[in-house]
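Welcome, and thank you for taking a look at this one with me. Please open the sequence and the model side by side before reading on.

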Amino acid sequence: MVSGLRFPTAEILSLPGRIRIPLRLRVFFRGAFLLLALATLALALGVLQDEKQRGWRAYQDGLAKTQAQIVARLRHPAGQLALLNPGSRGGSASAALRPLVLPFAAIDFDDRVKAQQAVEMAGCQVQYGDGAKLCLAVGNSAMAGAFLYAVGSFGSEGPLIARRLGSADLAQAHRLKVSVTLRGQTTQWLAPLEAGAEGGPATRGRLAGFAEDAQGQLGTRPVRDFRGWWWQDARCLGEADLPTATDTPGCRQLSFFSVRLPVELFREELMAQRERLAWPPPDLDRVQVRVQALAGGSQQPLFDSDQPDATPPFSLADLTPLLLPGETLRIRKAGAPAGAEIATLTGSVDKSQATSPLLDRLIRQLPVDGYDRPIQIDDSIATPLGRYELQLSGDLRGVNRALSLVAARVAGYVGAMLAAIVLTWAAIELAMMRRITLLTKRAAAVSQGLREGDLVLDVSGLRGSDELGLLAGTLAELMQRVNDAVRREHIRAQQEKDQWHAVGHEIMSPLQSLMVLHPRPDDASHRYIQRMQQAVRVLYGQASPSEAFEATTLGLDALDLDAFLAEVAANAPHAGVEHVVYTPLGQPVPVQADPYALEDAVTHILSNAQRYRPPGTPISLTLALDGDSAELRIHNDGPPIATEQLERIFEYGVSSQEEGSSDRPGQRGQGLFVVRTYLAKMGGMVRAENGNGEPGESGGVSFVLTLARAKLR
């Protein structure tokens with residue numbers, strides 16, 4: 001066979017069954033541009049479908065990020081404040097007067113730092129235009145006393161003036177005026193600053209609350225449960241480098257107050273229904289609170305909670321800007337019936353960019369797995385008053401709108417490509433189609449010439465200086481070379497077959513003479529002469545050794561493998577293999593095998609073991625039974641075989657001899673190929689492995705032969 005050339009004879013001989021392909025090819029070629037045009041359209045649709053897929057995935061990722069942002073904000077104390085107060089509305093001035101439910105039980109109003117940290121962390125403060133702040137709230141637990149807390153700060157000029165103890169004139173001191181209206185009842189307190197027995201200027205003092213009736217009459221004693229403090233910073237606002245505000249004209253100092261207000265209705269309900277009290281009160285959003293800070297000797301408030309420039313704290317409505325057009329966020333308390341959401345927020349629909357209805361319909365028809373299923377993400381938030389469930393629903397109309405804009409731009413490019421395809425088709429149809437059809441018909445006729453031993457391509461009328469002419473000439477030359485190579489291969493194969501025939505004929509004559517000299521079956525030489533005759537018959541008249549072995553037909557019969565191995569071990573020294581050890585099982589082990597082929601296979605393995613074992617070490621034969629099969633293990637203590645070679649050594653022409661060694665020339669890699677071929681024909685198998693097959697043991701090489709068991713006659 002020519003080096004580097006494998007001629008697919010069987011495939012080419014099957015070509016007459018497909019001889020109509022060239023006739024169809026002309027129709028196919030003429031329709032190729034139509035398919036190309038359709039492919040262009042399909043490509044455009046594929047791009048749009050891919051963009052739709054990407055847009056859908058991007059939208060899913062974006063929706064998940066939006067959900068994560070919403071959950072993060074709601075898990076913050078300010079977010080929990082919004083969950084506990086779902087009725088509050090962002091941007092509404094009236095919300096500044098509504099007490100909120102805090103995400104903790106109470107405020108430590110006696111400690112300025114703790115009170116300030118609590119309201120800042122909860123985010124319950126209403127912001128005013130002049131920098132003032134106020135938090136009106138109740139704790140989330142009625143067990144803390146059902147108090148109403150007012151914590152705020154504002155800027156004021158001049159020192160605080162405290163009331164002298166025992167003085168009935170409260171108007172000369174700095175004071176807070178607080179009113180609470182609940183269920184038609186209004187409670188008012190006037191709380192002057194008390195800093196000591198002397199009164200006068202102060203920077204810190206307690207607020208004592210005196211109840212005030214509807215006529216403005218004050219009680220004679222402070223209300224016991226009314227508690228509060230008023231602090232004033234020594235530095236001016238915005239001038240932290242100044243040591244104090246003393247004698248600084250126009251200096252505004254930060255005043256901070258923290259008050260706990262006793263709400264009698266809440267306290268009465270707490271005492272009467274301690275076990276079943278609903279908290280927070282259901283009418284908390286109807287409570288009206290007003291807080292005013294008055295300077296000593298003045299009725300002009302330094303701070304008034306009803307001033308119109310109030311900005312309420314964070315509410316659930318403030319989550320709306322996070323939602324894209326069409327997205328909906330539903331929030332309900334866990335355990336509430338379906339449809340009982342405390343808030344439903346929806347992103348605004350963007351109608352600024354008009355799209356084509358035709359493209360919109362086309363994009364909706366593009367198949368994307370899961371695109372038509374509703375996109376919905378659920379989560380939950382734990383608060384001191386229970387768990388709240390969030391459901392964020394997506395809307396893919398925004399993705400479709402973006403794809404419609406992309407499709408409008410792609411349509412121009414697709415039109416240009418289709419025009420180019422039509423022009424190219426017209427040029428090729430007029431200039432090249434006839435020659436391509438003629439070349440196709442003549443090339444198809446080559447298959448008939450192959451069966452007749454002639455591969456000549458007629459290119460008359462096709463040669464030329466263009467690409468098609470060069471291709472036709474090259475194909476003609478290539479066919480001529482292949483035709484010559486096929487003829488040479490046939491001649492070489494016939495010569496090799498004649499050579500093997502002659503060699504076999506010359507070897508058979510001496511073997512017949514040797515058989516006459518050793519006629520007795522019990523003579524060991526008689527058996528080896530029979531094996532030599534069998535081997536010559538296998539190779540006799542074949543084109544190559546590998547084809548000979550693969551074409552061999554074996555005579556399978558029941559063979560006692562135990563007795564067979566004992567005989568092989570006894571005769572091994574006659575074949576030049578010493579120290580072959582086999583311990584008989586003492587019972588018949590019938591297997592399906594050809595005795596000559598099996599002995600050839602075992603002898604090849606023993607010969608390999610003889611070459612590689614250390615001198616004087618034995619070669620062990622071990623027979624084991626495994627259900628319906630018998631396993632023969634041939635082990636020697638030679639060097640291990642490389643792992644990547646354990647399978648390759650059974651291929652024809654691959655020798656188990658290490659690469660680069662020169663002490664054992666002449667190894668053709670034929671023996672182990674014969675072993676695997678014969679074992680396969682006997683319904684068995686062979687494998688090579690390093691070690692002797694015992695767990696934890698290593699060293700040497702084992703060849704394992706597996707044969708199917710049979711019944712002795």
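The numbered points below go from the whole chain to single residues.

1. **Ground rules.** This is a predicted model, where local features need pLDDT of at least 70 and side-chain atom pairs count only at pLDDT 80 or more, while totals for chains, interfaces and linings use all residues. Residues are numbered from 1 along each chain as its sequence is written, and side-chain values use heavy atoms, with hydrogens and water left out.

2. **The whole chain.** The secondary structure comes to 15 helices and 25 strands; helices (H or I, at least four residues) and strands (E, at least two) are DSSP runs, numbered from the N terminus. Of the 713 residues in the protein chain, 40% are buried. Here buried means under 20% relative accessible area, exposed over 50%, and partly exposed in between (1.4 Å probe, protein chains only). The protein chain exposes about 38,300 Å², with 54% of it supplied by carbon and sulfur atoms; such areas come from the Shrake-Rupley method with a 1.4 Å probe, and for residues only the protein chains shown count as cover. Contact means heavy atoms within 4.5 Å. Among contacts between residues at least 6 apart in sequence, 68% join residues at least 24 apart.

3. **Two disulfides.** Counting pairs of cysteine sulfur atoms within 2.5 Å as disulfides, the total is two. In one, the sulfur atoms of C124 and C135 are 2.0 Å apart, and the link is left-handed, with -105° about the S-S bond. C124 sits in the loop between α4 (112-122) and β2 (126-127) and C135 in strand β3 (residues 133-138), so this pair ties together parts 11 residues apart in sequence. A disulfide also joins C236 to C251, S to S 1.8 Å; that link is left-handed too, at -120° about the S-S bond. C236 belongs to strand β11 (residues 227-236) and C251 to the loop between β11 and β12 (252-262), so the parts tied together are 15 residues apart in sequence. Both C124 and C135 are buried, and so are C236 and C251. With bonded cysteines counted along the chain, the pattern is 1-2, 3-4.

4. A salt bridge is a side-chain nitrogen of Lys or Arg within 4 Å of a carboxyl oxygen of Asp or Glu, and a search of the whole structure finds 15. One of them joins R227 and D110 (3.6 Å, N to O). This pair links distant parts of the chain, 117 residues apart: R227 is in strand β11, D110 in the loop between β1 (100-101) and α4. D233 forms a salt bridge with R112, their closest N and O atoms being 2.7 Å apart. D233 is in strand β11 and R112 in helix α4, 121 residues apart. Is R112 buried or exposed? R112 counts as buried because its relative accessible area is 19%, whereas D233 is partly exposed at 25%.

5. R676 forms a salt bridge with E647, with the closest N and O atoms 3.4 Å apart. R676 lies in helix α15 (residues 671-681) and E647 in the loop between β23 (629-636) and α15, 29 residues apart. R676 is partly exposed at 29% relative accessibility, as is E647 at 49%.

6. **Helix α13.** The buried residues of helix α13 (residues 561-571) are L561, D562, F564, L565, V568, A569 and N571. An α-helix has 3.6 residues a turn, so residues three or four places apart point the same way. At the start of α13, a side-chain oxygen of D560 comes to within 3.2 Å of the backbone nitrogen of D562.

7. **A loop threonine.** T617 is in the loop between α14 (595-612) and β22 (619-626). T617 counts as buried because its relative accessible area is 17%. Leaving aside neighbours within four places in sequence, T617 is in contact with H579 and D637.

8. **An exposed alanine.** A168 lies in the loop between β5 (160-162) and β6 (175-182) and is exposed, with a relative accessible area of 75%. The C-alpha atoms of A168 and T220 are separated by 8.5 Å, although these residues are 52 apart along the chain.

How values were computed. Polar contact = N/O pair within 3.5 Å; in protein donor to acceptor, adjacent residues only side chain to side chain.
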